[in-house]
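Biologist: I would like to learn how to read a structure. Could you walk me through one?

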Amino acid sequence: MKIISSIAGIVFPEFPNQGIGDIKNAGFEDILLDLSVYCPGKNLRSFETKLNSEQTRQDFDKFLKGIQSKNLQVTTALLPYLLRDTKRTDLNELLLRIGKDSIKMLENMGCKHIIARPLYVGVTFDKEWEINKAYYLELAKECKKEDTMILLQNQCKDVNGHLVRGVCSDEKIAVKWIDELNKEVGSKRFGFCLDVGVCNLCGQNMQDILVALGERVETILIKDNNGSVENKLVPFTSRSTDSNTTDWLSLIRGLRQIKFDGQLVIDCEDTAKNFSPILRPQLLALSKSIMDYFKWQIELETSLKKYHSIVLFGAGNMCRNFMKCYGEQYKPLFTCDNNSSIWGTKFCGLEVKNPEELKKLSEDCGVYICNIYYREIEQQLKDLGVKNIEFFNDEYLSSYYEGRLKRRQ
Amino acid sequence: MLKIGVQTKTVINHENPTEGFEQLKKAGFSCVDFSLNEYLLNKTLYAEKLNTFFDKTQEELQEYFRLFKECSKKTGIAVHQMHMPYPNYVPEAPTELNAYLRDIVAVKSMQLCDYLDCKYIVIHGLKLARYLGSEEEEWKMTEMFLDFLAPMAKEMGITMCVENIYICTGSHILEGPCCDAVKAAERIDHMNDKYGAEVLGFCFDTGHANLVGIDFERFIMTLGDRLKVLHIHDNDGIADLHQVPFTFTKTRENKPSTDWDGFVNALKAIKFDKVLSFETAPVLDSFPVEMREDALAFIAKIGKYFAEKIENK
């Protein structure tokens with residue numbers, strides 16, 4: 001799985017090097033080139049001229065030199081798009097021309113995944129497929145490299161200011177389109193990019209969408225919003241009452257279920273723009289940590305496969321959830337707990353032992369902390385000389401018990 | 001012309017139903033959506049509590065609503081649909097409470113539906129995806145609940161209607177059970193084939209659909225004649241406000257932010273011939289008492305507007 005940062009809100013065309021450096025210094029190796037940075041939706045008309053202008057060539061040269069000097073890859077790009085509330089219904093041909101020109105340029109950069117939003121402005125319900133089929137097949141003709149993929153993306157549409165489900169937001173339709181397009185071109189040229197922000201705006205069940213799309217999903221655009229305004233915020237920053245606004249559980253469940261191994265892209269343009277340039281390096285470091293966390297959550301089971309045997313630390317709700325989801329396949333030798341009153345008892349079929357027992361473990365045994373006080377317990381285990389300390393987390397599991405344990409000292 | 005209905009909640013008092021029925025008739029309604037859920041509130045159930053209302057015997061319940069039934073007949077206002085109390089299952093609650101909801105509350109709701117000559121009862125799907133891990137597993141539990149009631153529904157000639165409902169992350173609303181029209185259609189057909197009768201149908205809730213950005217037109221067209229019941233109401237796309245259609249706008253152009261055109265077009269396309277029923281009880285709480293009659297008449301008038309648009313050849 002690749003972890004990627006979008007350049008939006010971070011890299012600016014005239015002086016791209018600072019943003020590129022910030023991305024690299026945060027630990028990213030790969031970036032998403034969002035062409036709307038060079039061509040905002042409101043300026044599409046002028047972009048066509050700009051795209052072939054000397055100034056744009058110079059801007060892209062600067063950008064390319066910047067990423068080359070930092071050894072960054074550009075494997076994914078997003079083609080320019082229209083604003084959601086645009087009233088212009090005559091720009092679809094322009095979008096096609098810009099798309100075709102951009103594909104040539106992107107292939108030269110080594111870009112393999114090109115996200116092209118479906119056409120929707122001025123497209124009636126009954127013509128959606130017909131118009132988009134022609135559009136995507138025309139774009140495909142521009143691809144000269146065998147492994148270039150064009151990714152369709154779920155959209156919302158603007159109903160007088162209210163964003164509702166738009167083209168390709170219905171996973172069944174998206175599946176049908178991708179399969180028919182691939183059949184038409186005779187290769188796996190088309191795939192899907194899921195925009196998490198759009199799903200959140202439309203209150204969609206991302207698990208169901210991902211499971212239906214399966215291996216067609218190549219890229220996930222991770223961003224947060226408040227559920228009604230299409231902002232691009234750092235994940236976990238939008239909170240509503242007592243919970244995250246975005247249903248990360250549904251996303252992670254879905255990605256695990258399809259064994260996702262594609263591009264995980266963070267797009268936090270609005271948060272980045274809100275931050276002072278002085279603070280942006282710290283923001284990007286946080287973004288990288290968040291993306292690593294997503295990867296870790298999605299691949300949670302991979303960690304369990306690393307060890308010949310495992311032991312748990314904690315005999316509470318998290319231990320119970322571990323046993324429910326992984327207990328059968330990765331049965332721990334025992335669990336331990338600092339609560340001496342439960343030593344020697346059984347919990348979820350495991351003997352509860354004194355943490356001192358961990359000193360006797362073999363080299364190839366992993367110790368999984370099943371308690372939210374990770375760092376405190378980690379220190380305790382380090383002090384005991386325990387090796388192979390791992391964190392377990394039950395925030396995004398495949399299933400849960402109804403209710404929490406009533407007993408807790 | 002299509003009939004227009006509204007909830008009984010906040011209008012009809014079971015002790016003196018005459019006044020409420022007369023009020024509805026005067027306002028222009030010809031049907032009601034019987035709010036049985038008023039008698040065992042969801043707030044109570046989520047607090048894992050019950051009341052004694054459904055401890056009454058079937059005969060006692062019938063006696064309780066006898067006058068209601070008489071007034072319905074007298075005024076010619078039919079009980080087109082009924083809302084079963086919800087939720088039908090409370091995760092984390094004691095087994096006895098959930099057994100009571102199925103064995104007593106659901107069963108007596110069906111019997112009351114039959115007693116009031118009502119042919120459609122709206123039943124919420126169980127909200128269990130978080131615990132069980134997927135919507136498919138969740139549906140299996142809902143299906144078990146419906147299977148329990150289906151023989152009774154068949155015998156009584158009642159169609160149980162599942163409704164598109166939502167779940168929340170904090171105060172943000174996300175799609176919940178029955179928000180996928182394709183799956184809903186397949187499941188309805190499967191159950192009706194299984195029982196050899198129309199035991200299951202759909203209740204489309206415009207407000208809930210608006211909250212999770214569902215495309216009204218596609219959804220209704222996919223359901224086709226499986227759509228039996230409507231819950232018509234409006235909101236701001238953020239909270240489940242149950243307000244009058246055409247109330248909300250989001251731009252200075254002041255065009256409605258709910259897709260009422262799509263709603264009308266789809267009902268026209270599927271030749272909808274049931275009742276345009278409004279789930280707008282909260283409107284009557286927001287208007288002053290002195291204006292309730294006007295508010296009701298206005299809602300009925302919107303219903304007539306919809307009816308004309310839908311039936312316009």
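**Reading contacts and helices**

Modeller: Start with one pair: A:K157 makes a salt bridge with B:D215, and their closest N and O atoms lie 3.2 Å apart. A salt bridge here is a side-chain nitrogen of Lys or Arg within 4 Å of a carboxyl oxygen of Asp or Glu. This is a predicted model, where local features need pLDDT of at least 70, side-chain atom pairs count only at pLDDT 80 or more, and totals for chains, interfaces and linings use all residues. Residues are numbered from 1 along each chain as its sequence is written, chains are lettered from A in the order in which they are written, and side-chain values use heavy atoms, leaving out hydrogens and water.

Biologist: How many salt bridges does the rule find across the interface of chain B and chain A?

Modeller: The rule finds 5 there.

Biologist: What area do chain B and chain A bury between them?

Modeller: The size of an interface is often given as the accessible area lost when the parts come together. For chain B and chain A that is about 3,000 Å², with 48% on carbon and sulfur atoms (accessible area with a 1.4 Å probe, summed over both parts).

Biologist: And how do I read helices?

Modeller: Two packed helices are described by the angle between their axes and the distance between the axes. Helix α4 (residues 92-109) of chain A packs against α5(A) at about 30°, with the axes 9 Å apart. Therefore α4(A) is roughly parallel to α5(A), as angles under 35 degrees count as roughly parallel.

Technical notes: Buried area is the accessible area (1.4 Å probe) that two parts lose on being put together, summed over both. Axes are lines fitted to C-alpha atoms, for helices over the stretch in contact, and angles run from 0 to 180 degrees between N-to-C directions. Helices (H or I, at least four residues) and strands (E, at least two) are DSSP runs, numbered from the N terminus. Angles under 35 degrees count as roughly parallel, over 145 as roughly antiparallel, 65 to 115 as roughly perpendicular and the rest as oblique.
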